[in-house]
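Biologist: Hi! Could you walk me through this one when you have a minute?

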Amino acid sequence: MAPLTAGGISPAFLKLLADERLGGLTVLDVGTGRGRLALALAPRCDRVIGIDRDESALAAARQAAAAAGLRNVEFVAVDAEAGEYLGFAPDVIAAHLCMSTAIAERAGRALARGAPFAFVAFHADQWRETGRRSRFAWSEDEAASILAAAGFSIEHLSVERDVQEFSGVEQALAAAIGLEEKWRADGRWFRYIKFLEEGGRTLTRAHLHVMARKT
Ligand SMILES: C[S@@+](CC[C@H](N)C(=O)[O-])C[C@H]1O[C@@H](n2cnc3c(N)ncnc32)[C@H](O)[C@@H]1O
């Protein structure tokens, strides 16, 4: 079978899912956004359900599914940290950059023994230069203890890290230009400027890749 690909999603993570037997199974994609992971998985499984609380992202995901002629994927507006997942009857749960203790707990309650839970989460070092962690970020140890408490054993846990190094402040600002609005709103922009003023010249992206199995 051709390699599993999805624009902007790490091939190393996609390989973890591609190595699973997905035929005939229902996959739940938590925090699906515009559905890029759900749409990539749809041809390999029986059914994919993407859930998200962002209605406009879900509308874009539905349009993309229709344009691709995919009939086995549906997108549902849900707060993934409030509702339970049992009603979706998932055999597999995946998530790309939407992870929290509440989500791991719900995955643990919805999956049968031996079922896979595969996700990418922000690592604690993601954008460390801004001095503020995402609420979705975990260290390796945090991931291990949260997953154990939710009833999972870890088969694979790795960190994909990319530390950009800049020769000057202009280059460092240009690298973060797409983040400026979001970072201004939550205070990280000013911390990043301070980091640059103090001589810092890096920007770190770090993601945890996890394949866990329900025990
Ligand atoms: C960084 S985006 C990733 C989107 C998608 N998985 C992808 O990789 O393209 C995080 C997504 O999680 C969704 N999200 C965050 N918290 C959520 C919650 N409590 N319930 C449902 N969706 C949530 C956001 O709306 C957003 O679409």
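This is a predicted model: local features need pLDDT of at least 70, side-chain atom pairs count only at pLDDT 80 or more; totals for chains, interfaces and linings use all residues.

Biologist: Great. Where does the ligand sit?

Modeller: You'll find the ligand in the largest pocket.

Biologist: And which residues come nearest to the ligand?

Modeller: There are 16 residues around the ligand, and the nearest are Gly31, Arg36, Asp52, Ala80 and His96.

Biologist: How does that shell divide into nonpolar, polar and charged?

Modeller: The shell around the ligand has 7 charged residues, 5 nonpolar and 4 polar.

Biologist: What lies 2.7 Å from a nitrogen atom of the ligand?

Modeller: One is a backbone N or O atom of Gly31, at 2.7 Å from a ligand nitrogen. A polar backbone atom of Ala80 is also 2.7 Å from a nitrogen atom of the ligand.

Biologist: What about the side chain of Asp79?

Modeller: An N or O atom in the Asp79 side chain is 2.9 Å from a nitrogen atom of the ligand. As for cover, the protein buries 82% of the 590 Å² that the ligand exposes when taken alone.

Biologist: Switching topic: which domains is the protein divided into?

Modeller: Domain 1 takes in 11-163 + 205-214, and domain 2 is 165-197.

Biologist: How many residues are in contact between them?

Modeller: On the domain 1 side 8 residues touch 9 residues of domain 2. The centres of the two domains, taken over C-alpha atoms, are 28 Å apart.

Terms used. Residues are numbered from 1 along each chain as its sequence is written. Side-chain values use heavy atoms; hydrogens and water are left out. A residue is near a molecule or strand if one of its heavy atoms lies within 4 Å of it. A polar contact is a pair of N or O atoms within 3.5 Å; within protein, one must be able to donate a hydrogen and the other to accept it, and residues adjacent in sequence count only if both atoms are side-chain atoms. Accessible areas come from the Shrake-Rupley method with a 1.4 Å probe; for residues, only the protein chains shown count as cover. On a 1 Å grid over the protein atoms alone, a cavity is a set of points where a 1.4 Å probe fits but cannot get out, and a pocket is an open set with protein on both sides within 12 Å along at least five of seven lines; lining residues have an atom within 4 Å of a point. A molecule sits in a cavity or pocket if more than half of its atoms lie within 2 Å of its grid points. Ala, Val, Leu, Ile, Met, Phe, Trp, Tyr, Cys and Pro count as nonpolar, Asp, Glu, Lys and Arg as charged, and the others, Gly among them, as polar. Domain bounds come from an automatic or database domain assignment. Contact means heavy atoms within 4.5 Å.
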